[in-house]
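Please look at the sequence and the model below before reading on.

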Protein chains: 2
Amino acid sequence: MTFQEKASQAIREAGGRMTAQRQIILELLETSDEHLDAEELHRRARVQDSDISLATVYRTLNTLQEAGLVQQRYHSPEHSRKYVEPVHADEEYHFTCRNCRRVMPFHSELMQQLKQQLEAELNVQVFNACVCVDGLCPECRASSHKE
Amino acid sequence: MTFQEKASQAIREAGGRMTAQRQIILELLETSDEHLDAEELHRRARVQDSDISLATVYRTLNTLQEAGLVQQRYHSPEHSRKYVEPVHADEEYHFTCRNCRRVMPFHSELMQQLKQQLEAELNVQVFNACVCVDGLCPECRASSHKE
DNA sequence: TTCCTTGCAAAGTATTTGCAAGATT
DNA sequence: AATCTTGCAAATACTTTGCAAGGAA
């Protein structure tokens, strides 16, 4: 079952409706590998429907998040914008350079371990973990040594 | 050297000045174990100086963060407010219940490992890692099973 | 005396919401 | 036909900023 099929089903099950706007947003989410925020998604969605509103993008993302179809990501150190990605098996996290703002994605089995640890030790059920790391990227690190 | 002494020194070294307002905020940061956001800090600071402004609290926190004296924390799933804590040896992270909003702090050596892994594999220098986990706390988990 | 810091109010950024019109089932 | 969704504009929440007055070094 593709992401769009899963989404359609979930929306329907929640008593919602499939609209042209939602279709566009789902398509963009499925085909983009980058992490998108509402504004960028809106910008891209307008290529297909120049009347689609930013509010609709926000509402659709919230709907999808509530249905567990997309998860939120924030980038350090700002944490000001919400990025979304479809829920997949391998979760991606992000390192942001404080100096040049470059974002480096990373994967780590440690996060899986952390979830298990929390479920065991705190007796909670984990839905989502957000990890944002910041510091200096290799290049900025090197140039800061020279100074 | 206490947190306040370190802070005074760092502020001075950066060409800044120690003011009554900053003194109050530093004191609150040092003596509170909870995580405070600007508004809560402002509320508490007003007990000692009823004229202190929210803008000053924000500016002071930014100054302290730039100096590496406090670090930011965000709570999932909202990520809307910035909380601060003095930089200490043992870093604390947070789990938030999606249902009852309860926040449970936790510690984990896995985060230290993650930092080391990133420094080794990505060749970056890590300044800060933010981890916010959300899901269901033990109580809400139990009651959701009953439904 | 220099210039950093403050309070105030206004502005800024990201996101949400009320409402009437429009679309889906 | 019923009601969910949309676009628009206004509202909200958190944080930053311009400016003139005040305060630290």
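What follows describes a residue and its surroundings, and then the protein surface beside a strand of DNA.

This is a predicted model, in which local features need pLDDT of at least 70 and side-chain atom pairs count only at pLDDT 80 or more, while totals for chains, interfaces and linings use all residues. Residues are numbered from 1 along each chain as its sequence is written, chains are lettered from A and ligands numbered from 1 in the order in which they are written, and side-chain values use heavy atoms, with hydrogens and water left out.

His79(A) sits in the loop between the strands β2 (70-73) and β3 (83-86) of chain A, strands being DSSP runs of E with at least two residues, numbered from the N terminus. Because its relative accessibility is 3%, His79(A) counts as buried, a term that means under 20% relative accessible area with a 1.4 Å probe and protein chains only. Its side chain makes polar contacts (pairs of N or O atoms within 3.5 Å; within protein, one must be able to donate a hydrogen and the other to accept it, and residues adjacent in sequence count only if both atoms are side-chain atoms), as the table shows.

| Side chain | Partner side chain | Polar contact |
|---|---|---|
| His79(A) | Ser76(A) | 3.2 Å |
| His79(A) | His79(B) | 3.4 Å |

A backbone N or O atom of Lys82(A) lies 3.0 Å from a phosphate oxygen of DNA strand C.

How values were computed
Helices (H or I, at least four residues) and strands (E, at least two) are DSSP runs, numbered from the N terminus. Buried means under 20% relative accessible area, exposed over 50%, partly exposed in between (1.4 Å probe, protein chains only).
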